[in-house]
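My entries follow in the order I made them.

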Amino acid sequence: MTMGEPPEIAVVGAVVLDEIHSADGEVMEQVGGSSLYAALGASLLADAAPVSLIGDDFAPAKLQPFEDRGIRLDGIVRVDGPNFRWACQYSADGDDRETLFTRGGVFDSHPIVVPEPFRDAKVVLLTSGNPMQNLCAYRQMRSPAYVAFDTIEREVAQHTDELRSQLHVADLVSINTRETAALIGWPSHHLDPAMPIAAWREIKRLGASAFVLKRASQGVEVFEAGRRTIVDAVPNIAATDPTGAGDTFLGALLSALVRGRDLVEAAVWGCAAASFAIEQYGFAGLFQASRESVAARAAQISVSEWGEIDATSE
């Protein structure tokens with residue numbers, strides 16, 4: 001991909017300085033953000049590029065490892081003001097986290113500008129950031145063939161109506177259990193057996209043609225038309241830092257779709273890629289991943305069909 005060409009996948013989202021506390025320790029000022037995780041996950045199979053903003057307190061040298069990996073960075077614009085910062089505490093098993101603070105900085109105060117070549121990207125991923133930024137970026141795209149949508153619990157809680165109104169532009173929605181419950185007004189964020197199908201009916205009604213429910217260490221559930229499929233996680237992977245696993249999953253999934261795989265096959269590839277994201281802090285595990293090592297882990301994943309479902313009945 002040259003500088004004058006659009007990426008196969010344009011990834012809209014934040015570039016963040018993270019503070020992570022987990023059972024294995026803590027890290028401060030670690031580079032993170034949904035746009036980088038998703039773009040790195042996608043880069044195993046496709047040309048992917050983040051579209052984002054960084055503050056004047058973000059050292060550009062922190063992005064050099066991504067450029068070395070072949071990630072195109074000309075969609076990341078540096079502006080005056082503080083960078084997005086986020087902190088969390090993970091549970092012992094890594095499946096739950098408590099957000100300690102979110103400081104949106106320039107990502108909340110400056111509108112995203114999509115570079116001219118990026119506006120012709122055929123696949124657009126709107127990740128877990130400010131929904132107004134997602135909408136701003138989407139309106140600059142010309143004719144994307146496929147739009148995927150993700151979010152984060154804070155944004156669902158604070159901007160439920162805006163997020164729901166944006167689902168009409170989405171082909172695929174990929175969100176976790178808590179976010180799903182908040183999006184559809186489910187009374188509990190725990191995985192009630194009836195909740196996934198209720199969520200699929202509502203998400204489909206709002207406009208999306210496919211839904212992936214992310215279930216952390218339990219893998220994902222894939223809904224498309226009348227088909228419900230359970231894709232397990234890679235077995236025996238210890239979660240040191242689950243940050244960015246969902247973004248990695250979705251970026252990798254989209255890259256597999258671009259390469260002609262069906263949605264379930266793509267979800268298997270996404271789960272395999274995400275397993276590398278959780279093993280070490282930050283991007284260390286992902287930087288060590290290759291097509292061959294991801295494929296080896298994909299071969300370990302179990303897939304179960306739950307039969308036909310009616311996505312329209314109550």
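I count a contact when heavy atoms lie within 4.5 Å. This is a predicted model, so I note its limits: local features need pLDDT of at least 70, side-chain atom pairs count only at pLDDT 80 or more, and totals for chains, interfaces and linings use all residues. Residues are numbered from 1 along each chain as its sequence is written, and side-chain values use heavy atoms, with hydrogens and water left out.

**Entry: Val231 and the cores**

I listed the contacts of Val231, leaving out residues up to four places away in sequence. Val231 touches Gln218, Gly219, Val220, Val222, Val264, Ala267, Val268, Cys271, Ile301, Ser302 and Val303.

Next I looked up the cores. I take a nonpolar core as a set of buried Ala, Val, Leu, Ile, Met, Phe, Trp, Tyr and Cys residues joined through side-chain atoms within 4.5 Å. Buried means under 20% relative accessible area, exposed over 50%, and partly exposed in between, with a 1.4 Å probe and protein chains only. The largest nonpolar core has 58 residues. Phe66, Val231, Phe249, Leu253 and Leu254 touch the most other members. Which helix gives the most to this core? Helix α10 (residues 263–279) does, with 13 residues. Helices (H or I, at least four residues) and strands (E, at least two) are DSSP runs, numbered from the N terminus. Another core, of 26 residues, lies apart from the largest one. Leu53, Trp86, Ala137 and Tyr281 are among its members.

**Entry: cysteines**

How many disulfides does the structure hold? I found zero, taking a disulfide as a pair of cysteine sulfur atoms within 2.5 Å. Cys271 counts as buried because its relative accessibility is 9%. Cys136 is partly exposed, with a relative accessible area of 24%.

I traced an open sheet of four strands in the order β3-β2-β6-β7, with mixed pairing. Two strands pair if DSSP finds at least two bridges between them. The edge strands are β3 and β7 (97–103), and each pairs on one side only. Strands β2 and β3 run antiparallel and are joined by six bridges. Leu17 has Val31 in β3 as its bridge partner.

Ile20 sits in strand β2 (residues 16–22). Is Ile20 buried or exposed? Ile20 counts as buried, because its relative accessibility is 0%. Leaving out residues up to four places away in sequence, its contacts include Trp86, Cys88, Tyr90, Thr243 and Tyr281. Ile20 and Thr243 are 223 residues apart in sequence, yet their C-alpha atoms are 8.2 Å apart in space.

**Entry: Asn83**

Asn83 lies in the loop between β5 (76–78) and β6 (84–90). Asn83 counts as buried because its relative accessibility is 2%. A polar atom of the Asn83 side chain lies 2.9 Å from the backbone nitrogen of Gly55. I count a polar contact as a pair of N or O atoms within 3.5 Å; within protein, one must be able to donate a hydrogen and the other to accept it, and residues adjacent in sequence count only if both atoms are side-chain atoms.

**Entry: positive phi**

Most residues other than glycine have a negative phi. I noted two with positive values. Phi of Glu29 is near 55°, and Glu29 lies in strand β3 (residues 25–32). Phi of Ala216 is near 50°, and Ala216 is in the loop between β11 (210–214) and β12 (220–224). Glu29 counts as partly exposed, at 40% relative accessibility. Ala216 also counts as partly exposed, at 48%.

**Entry: helix α7**

Why do I call helix α7 (residues 177–184) largely enclosed by the rest of the structure? Because six of its eight residues are buried. They are Thr177, Glu179, Thr180, Ala181, Leu183 and Ile184. Their cover includes α5 (153–158), α6 (160–166), β10 (172–176), α8 (195–206) and β11. Asn176 caps the N-terminal end of α7, with a side-chain oxygen 3.2 Å from the backbone nitrogen of Arg178. Gly185 follows α7 and has a positive phi, near 75°.

**Entry: strand β8**

Both faces of strand β8 (residues 123–126) are covered. Val123 and Leu125 are buried on one side, Val124 and Leu126 on the other. Strand β1 (residues 9–12) pairs with β8 in the parallel sense over four bridges. Ala10 has Val124 in β8 as its bridge partner. Strand β9 (residues 146–149) and β8 also pair in the parallel sense over four bridges. The bridge partner of Leu126 in β9 is Phe149.
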